[in-house]
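These are my notebook entries on a structure that I looked up.

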Amino acid sequence: MGLRSYIVARVLLTIPMIMLLLTFVFLIVRVLPGDPVLLHFEKAASPETIELMRQRLGLDKPLIDQYFEYLAGLMRGDLGKSMQDFSPVGQQIFSAFPATLELAIYSTIIAVGLGIFLGVRSSQSYNSPQDHSIRVFGIVVYAIPIFFLGMIFQMVFGVFLHWLPTGGRIYPGMEPYGLIMGDQYISTGLYTIDSLLEGNVFKFFQTLRYIFLPSLTLGLVLCGVFIRLTRSNMLETFRLDFVTAARARGLRERTVLYGYAFRNAFLPVLTMMGLQFAVLLGGAILTETTFSWPGLGRYLVDRINFRDYTAIQGDVVFFGLLVALVSLVVDVLYAYLDPRIRL
Amino acid sequence: METERGLRTRILPGLTALTSRGLAGWMVVIGLGIVLSIVTMTLIAPWISPYDPSALNVGPLRSPPNGEFPLGTNHLGQDMLSRVLCGGSIMLQVSVLSVLLCLTVGVPIGLISSYVGGALDKTFSLIMDSIYAFPGMVLAITISAMLGRGVINMALSIAVVYIPSYFRIVRSHVLTIKELPYAVAARSIGAKGDTILFRYILPNVVPSIVSVATVNFADAILTAAGLTFVGLGVTKDIPDWGWDLTDGRTLLPSGAWWVITFPGVMIVLLALGFTLIGEGLSELLNPRLEQ
């Protein structure tokens with residue numbers, strides 16, 4: 001099978017999964033015990049108000065009609081209206097997305113970088129005190145609630161040492177514009193990139209100061225998996241002949257480690273990055289709430305506090321689609337890098 | 001004369017067997033120690049707590065740790081030591097319930113689906129894979145927000161997230177085992193389907209289920225803490241480490257480190273205990289991983 005037909009097959013496989021996911025979310029929000037409209041008002045509204053709300057949101061129609069309207073809406077990119085002010089949920093999600101994306105990128109860099117580095121060190125010193133302490137480190141970071149780690153960082157680096165800010169993306173009013181072209185701005189919504197496009201180094205360093213603690217928190221919690229995976233893959237690879245051959249040729253240990261053994265051990269790490277993306281998004285909700293980071297996760301928690309069930313549904317659907325997209329991209333990338341998959 | 005080692009083996013046969021097996025064995029022993037201590041502490045907490053954990057103003061507000069209040073007090077003047085001693089019960093209940101739910105739903109579905117195969121297996125696998133691919137925390141939060149508060153609802157929303165893990169591990173084992181010679185031999189001498197499934201295959205799947213379930217305790221505890229943190233906890237009236245940690249967040253700017261540190265460390269210890277047991281067990285039960 002060529003790469004192109006593999007991609008086509010993989011995309012076709014994603015469709016039933018997305019359909020299932022959309023149905024599942026619909027079932028949770030609309031069919032599980034607990035009427036969204038009644039829950040929204042906490043039973044403290046007149047029957048007329050409740051009926052009006054149902055009509056405006058289209059929740060008075062039969063369930064099956066609601067289901068198809070929901071699907072048709074999604075096809076048009078319509079994620080529904082907020083129960084709070086009837087504004088389109090899609091727009092709010094669209095403006096919150098870059099914050100989550102930026103957090104996800106930096107925490108992945110930290111998680112994968114730290115995981116690979118510690119994993120290689122651990123495998124290199126197999127069964128030594130260093131190996132044991134790295135493994136214990138991996139287990140301990142797995143057991144820390146993300147928000148607890150975040151709060152400790154806020155306490156130490158923000159409250160006691162005053163080194164780093166404890167919340168937000170940047171000082172209010174200092175948001176970078178992006179690339180300025182005449183009176184137009186081209187912005188990515190990723191503040192670190194926008195500040196560079198604007199050519200403002202001061203803003204760039206400020207955005208880094210703000211993003212450092214949230215991404216370190218999320219990255220640390222996620223790095224355990226990468227440590228373990230890198231370690232076990234490296235240990236397997238060390239036993240292969242080509243590593244022995246490289247050593248026998250007298251190559252430097254670092255070249256053998258990173259140039260030979262690690263290249264072979266990297267593919268599973270790539271797959272794991274795809275699998276961990278869902279975990280990352282889950283962790284992002286808690287990290288964003290801890291650090292008042294205005295992304296998709298904090299939006300979800302906000303909407304839960306307002307009992308805004310249509311917005312919750314839209315946000316959850318978006319999370320699901322994002323995960324499906326990322327796993328598709330990772331699989332295609334994997335097939336490109338490892339031709340055996342396409343067989 | 002009996003040697004010390006011989007004596008120990010006679011009194012605690014399992015312990016020596018574990019500790020003589022290197023790091024993995026020690027992980028199980030330490031993990032068990034942590035978990036059992038916390039369970040005991042939670043059970044006897046009502047008798048050993050110096051104050052009523054929910055009573056307001058038993059001491060000054062936001063007092064740092066001192067002789068009278070070894071772990072300090074929070075912004076409501078509640079004694080943190082009493083709250084830490086009593087605060088584990090909800091998390092333990094939620095995690096035990098959710099693991100039980102996962103076991104009773106995930107394992108049988110996995111067994112039957114993979115043994116029967118065909119369209120049934122395809123359908124279940126698709127459903128389970130879709131849930132598995134979904135961000136667990138998002139799913140748990142959504143279900144929990146719809147179901148409302150309560151220990152059972154919390155356990156339910158956590159169980160839905162983790163059932164696919166059990167399904168997948170059981171399924172992958174059954175698919176391998178049912179083609180092994182001894183299982184084929186059982187079929188060839190005329191053993192019935194359920195006999196093969198429960199008497200021949202299940203016993204060989206149990207070790208993996210046990211290690212998944214133990215690690216899953218830790219996941220359930222962390223998810224429960226996360227649900228509490230986003231405001232979907234059981235109720236504020238019952239002392240709970242999750243609530244204290246969530247509440248403590250508002251006190252951060254004042255530098256009241258003791259309000260979050262002690263409940264947080266308890267959650268870490270409990271989750272760590274279960275993770276250590278699970279990790280250790282999976283290494284002991286899977287000798288293949290050892291070099």
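**Entry 1: the core.** I took a nonpolar core to be a set of buried Ala, Val, Leu, Ile, Met, Phe, Trp, Tyr and Cys residues joined through C-beta atoms within 7 Å. A residue counts as buried if 20 or more other C-beta atoms lie within 10 Å of its own, as exposed if 12 or fewer do, and as partly exposed in between, with C-beta atoms placed from the backbone. The model is a predicted one, in which local features need pLDDT of at least 70 and side-chain atom pairs count only at pLDDT 80 or more, while totals for chains, interfaces and linings use all residues. Residues are numbered from 1 along each chain as its sequence is written, and chains are lettered from A and ligands numbered from 1 in the order in which they are written.

I found 156 residues in the largest nonpolar core; those touching the most other members are B:Val138, B:Ile141, B:Ile158, B:Ile221, B:Ala224, B:Ile267 and B:Ala271. Helix α10(B) contributes the most to this core, with 18 residues. Helices (H or I, at least four residues) and strands (E, at least two) are DSSP runs, numbered from the N terminus.

**Entry 2: residues of α10(B).** I listed the contacts of B:Ile221, two residues being in contact if their C-beta atoms, placed from the backbone, lie within 7 Å. Not counting residues up to four places away in sequence, B:Ile221 touches B:Met91, B:Ser95, B:Ile267, B:Leu270 and B:Ala271.

I then looked up B:Leu222, which is found in helix α10 of chain B. B:Leu222 counts as buried because it has 28 C-beta neighbours inside 10 Å. Neighbours within four places in sequence aside, B:Leu222 is in contact with A:Pro145 and B:Ala271.

**Entry 3: the interface.** How many residues of chain B are in contact with chain A? I noted 40 residues of chain B in contact with 40 residues of chain A. On chain B, α6 (118-133), α7 (136-147), α10 (193-232) and α12 (257-285) each supply at least two residues of the side that touches chain A. Of these, α12(B) gives the most, with 10 residues. By class, this side of chain B has 28 nonpolar, 10 polar and 2 charged residues. Here Ala, Val, Leu, Ile, Met, Phe, Trp, Tyr, Cys and Pro count as nonpolar, Asp, Glu, Lys and Arg as charged, and the others, Gly among them, as polar.

**Entry 4: helix α3(B).** The 27 residues of α3 (residues 22-48) of chain B should span 39 Å at 1.5 Å a residue, and the end C-alpha atoms are 36 Å apart, which agrees. The expected span is 1.5 Å times one less than the number of residues. I recorded a kink of about 40° at B:Thr42, shortly before the proline B:Pro46; the bend is the angle between axes fitted to the seven residues ending there and the seven starting there. Buried residues of α3(B) are B:Ala24, B:Met27, B:Val28, B:Gly31, B:Val35 and B:Thr42.

**Entry 5: chain A.** I counted 13 helices and 2 strands in chain A. Of its 343 residues, 38% count as buried. The mean pLDDT (the predictor's confidence in each residue, from 0 to 100) of chain A is 85, and 97% of the residues score at least 70. Among the elements of chain A, helix α2 (residues 36-41) has the lowest mean pLDDT (73) and helix α7 (residues 146-160) the highest (92).
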